[in-house]
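User: I'm new to reading protein models, and I'd like a close look at one part of this one. Could you take me through the salt bridges, slowly please?

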Amino acid sequence: MRSSDNKVLEELDQLLRRVHELTEKGYDRSAVQLAEEARRRAREEHFVIPYLYANFLIMNSSQSLYDYRRGTDIAIETITLLESEERAREIQPDLPLDEYEKTIYWLTSCAYDNLAEHYAIRYGYGGERVQGVAQDGFDVCHRTGKLECLACFRQYAMNVYEAAGDLEMAMHFARGVFQSLPMVETNDRRAVGGMQYASQLTLMGRLKEALEVAEASVGLAKVSYDPLKCRFLAQCCLGEILYLLGRGDEFEERCAVLGEPIDWTRLPPATENPELARRKALFDSVRLTYEGSLREAEELLSYWDRDLYDRQALGPWFEVRLRLIALHRLMGNHNSVQELSETLRKEARQNQSWLYAERLAVMERGDVPLSPIPFLCAPQDTTFVAPGSDRVRDEAAQQEMAAASGQESVSEKRSEQTQETAGSSETARGGFDWSSTPLAPKFDEWANRYAQDQSETQVAAIFEEMVGIAPDTVQVPEDAARLLFVTGQMAELLGRELELWTWAKQFLNIFPENGDVLNLVATAGLSAVQARSRRAAEMRALRGKRKKAAGRKKRNKRRGTLPTLQQLEEMFHKSLELSPRYPRHFLRAAQFYRFAGHHGEAEWCLARSFALDRSNPVAALALADMYSENDRDEDALAVLDLCLREGQVEDSEVAWNAGLTAFRLGRFPDAETYFNHAAQWGCQEVWLFYYRAWTLLELKKVDEATEDILAFEAARGGSSLGSHTLWAWVAAHKGKIEDLKKHVQEAMAIPLQQVNDLSDLGIEKNYHQMYRIARNALPADDVVLASLVDRLFQAGLVPDELLEEERRKRPLLTNLRYYVCVLHQPLDDDWATHPACWENQKDWDAYTAYWGVLAHNAEEAEHYAIQAQSRCYHLPPDVVEVELADEGFVDRPGVVFQGTRRYEDNSILSQLRDYLDDSSDDSGGTGDFDDLDKD
């Protein structure tokens with residue numbers, strides 16, 4: 001590198017350090033201006049790493065400025081540069097790959113986090129554009145390996161649920177952030193989680209709990225990722241709660257006791273950091289209200305209300321507007337309340353920010369006491385102290401406000417009921433007379449016929465009669481929705497989804513603005529698309545690798561009458577706008593988004609459906625399944641538990657899945673409770689006995705576990721690897737060593753190829769548990785224990801703890817390096833029948849083994865790796881590569897982990913070429929459906 005380049009890099013480094021110093025003091029506007037200068041200079045000098053770092057500083061500080069436009073643009077550009085080496089080389093052709101890869105690791109998740117936050121500033125956390133970003137963030141964290149940033153996206157998911165009006169789930173996420181120790185000190189977000197949790201408890205009226213959490217958050221601020229910001233935010237949160245409790249005079253004393261004395265002089269000017277200024281204004285408005293200065297509080301909130309709305313920063317605006325409405329109610333300003341409320345309702349509906357709409361509704365109905373912070377639920381005890389507002393309104397004004405509030409509440413309620421009747425009639429709603437519709441007698445007739453004869457012939461006859469009704473003769477949307485719902489169920493049973501769609505789409509012309517009809521027509525279209533997709537897959541499977549005739553010509557692909565995915569999305573989206581409070585609509589939309597591969601939107605719809613109806617096990621199971629698929633078992637369990645507890649659902653499948661999830665998390669007392677409920681409610685799953693027995697053994701309830709093992713073997717028709725593991729565990733608990741050995745030996749006598757009732761992970765879990773049982777009960781030189789250890793090496797199942805125990809025999813050393821050793825293990829004909837050979841390995845003639853090793857040098861690492869691999873098979877292995885991965889460890893030398901084995905088949909490339917040739921040759925088939933996934 002040229003000396004001039006070094007000088008430029010040094011200057012850029014100094015510039016970026018000054019930016020960082022400014023952000024630490026909260027001077028974000030000045031920081032952005034300086035970072036823009038560094039960004040421009042880095043671009044001109046063709047240095048991509050400082051350019052990306054400047055981007056990071058700009059998009060971070062733009063959040064505090066509510067400059068979502070600049071922040072969004074920078075975040076998108078940063079993601080593009082990190083995910084495309086080609087685009088990065090446009091800035092710096094001689095891209096330093098090592099530095100670039102390190103930047104990808106630390107910056108990618110931050111860029112996605114910033115993109116999410118800037119979308120949220122513009123639209124609120126319920127906005128359509130932000131629905132998929134949380135899951136994208138989780139995926140990126142796992143993809144890049146930067147797991148400490150999962151806390152950022154848990155915080156983001158918390159805000160999304162909060163906006164959706166589901167405070168129970170939001171509190172689950174907030175507790176998770178608040179109670180979890182950070183993976184790295186620089187990303188300590190416990191104070192943020194605590195503040196959010198305290199705020200949520202406040203809205204729920206649980207002020208005593210909120211006070212405890214808020215005080216803890218103030219104490220945690222000093223160790224947070226942003227001490228200055230978190231200190232002021234936590235103090236504002238605590239101060240508000242103290243005023244609601246009537247203890248505002250204790251605020252300064254409490255902060256001093258907690259080690260964070262009040263010093264507002266350290267706040268940057270409002271122009272430098274609008275975010276902190278807005279939060280301070282919210283606190284001051286509460287303080288002023290309790291001090292009786294309501295007009296001063298109103299002026300403060302009105303300024304921020306206008307400022308944020310003009311900026312189109314709806315995310316922070318919602319809370320300001322809601323508090324301004326509450327203040328005007330306290331002041332008796334009825335006309336202002338009506339106007340302000342109308343705008344809030346409109347924006348909340350459009351941006352799906354249901355928390356604010358619901359808090360406004362309960363305040364209007366008088367379900368909660370008036371407060372400068374509008375509650376969602378009334379305080380359950382006498383802790384809340386209302387502000388003394390008699391100084392600013394006389395008795396007549398109070399009476400006028402009460403009367404107007406009552407009229408408003410009735411009017412709003414009537415308006416919502418009218419919308420429910422006109423916009424959605426599919427589900428049974430109180431007060432609607434289903435027997436009064438024109439087609440009611442026909443539905444009664446069809447129901448009676450089905451009750452007497454449930455054969456497929458009868459179902460087909462009823463279906464044909466229903467779809468024989470001309471849509472333009474249906475007079476009311478209730479009948480249309482009922483027809484669509486029933487025929488949808490029948491079409492799936494009869495395999496006549498395409499026929500249903502041809503008939504159902506005509507209703508769009510008759511009832512284009514009815515939420516139920518639109519949602520069910522879209523569902524019919526989705527069913528038709530899915531059916532065509534399934535049949536396409538079946539036809540491709542039947543064709544196999546058949547070659548087409550030489551003279552055969554390609555045919556143009558036909559779309560037919562199927563809707564595109566874009567058309568379906570538009571229909572679902574409009575149906576949710578028309579009927580935003582009906583859980584089934586969101587559930588069906590979630591099915592569409594999952595099919596289309598939009599998992600973030602699917603999660604949002606499932607979450608909204610579940611928030612609206614805790615008692616629907618279908619929504620709970622689907623949402624929990626999405627979370628479990630993405631390694632979010634804690635979240636999955638929270639959903640299932642809420643369904644059982646708050647929804648009061650006695651569903652065996654929900655309880656069974658909750659038990660499995662608690663089991664995976666190691667929460668065995670909870671797992672036992674869920675499994676017991678599943679059994680009580682009629683769960684027919686044979687594996688319930690197995691998992692409950694394992695759970696009971698973890699809890700040392702041996703006799704109860706024994707009953708379940710016997711029931712499991714009786715249901716399975718004999719013993720298995722799983723039951724032998726459990727019996728060995730029982731024997732260990734009872735001190736019956738010979739029985740323990742017998743079951744370990746019988747388990748090992750079952751070749752892995754014959755274990756067809758457990759997943760690969762299940763087999764591994766059983767062998768690891770057998771090892772723990774045997775290790776704790778048998779002497780180190782026991783033959784059975786030695787045989788089990790041999791099998792673990794042979795099968796590639798060595799647990800890290802076994803390797804750690806072996807390393808403990810060596811002395812603690814410094815300056816160790818971590819190597820990944822790659823070895824080639826040849827196999828002979830005996831391997832196919834070896835008891836440690838897995839089903840998918842029978843045809844292997846060799847495999848590549850990976851070992852992680854701590855050693856002083858490559859030669860020593862190679863020695864340890866060969867030593868370990870030699871315990872796996874009787875043929876000597878060959879060393880392929882020894883790669884240095886990291887260094888500077890103080891530990892004991894030796895093997896650290898056994899990696900996954902891989903098989904490279906030399907014929908794979910030729911097979912792939914054959915496949916590609918066949919695919920190309922056959923691409924002109926009968927494809928009416930080949931482009932479905934592109935729409």
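User: To start with, which residue forms a salt bridge with Arg 632, and how far apart are the closest N and O atoms?

Analyst: Before the answer, some ground rules: this is a predicted model, where local features need pLDDT of at least 70 and side-chain atom pairs count only at pLDDT 80 or more, while totals for chains, interfaces and linings use all residues. Residues are numbered from 1 along each chain as its sequence is written, and side-chain values use heavy atoms, leaving out hydrogens and water.

Now your pair: Arg 632 forms its salt bridge with Asp 635, and the closest N and O atoms are 3.0 Å apart. To count as a salt bridge, a side-chain nitrogen of Lys or Arg has to sit within 4 Å of a carboxyl oxygen of Asp or Glu. Both Arg 632 and Asp 635 are buried, and "buried" here is under 20% relative accessible area, with exposed being over 50% and partly exposed in between (1.4 Å probe, protein chains only).

Take Lys 741 and Asp 782: their closest N and O atoms are 2.9 Å apart.

For another setting, look at Glu 291 and Arg 287, whose side chains meet in a salt bridge at 3.1 Å, N to O. Glu 291 is partly exposed, at 38% relative accessible area, and Arg 287 is partly exposed as well, at 24%.

The protein averages a pLDDT of 87, and 87% of the residues score at least 70; pLDDT is the predictor's confidence in each residue, from 0 to 100. Over residues 551-559, though, the pLDDT is below 50, and it stays under 50 over residues 907-935. Where pLDDT is low, the predicted coordinates should not be read in detail.

Definitions and conventions
Contact means heavy atoms within 4.5 Å.
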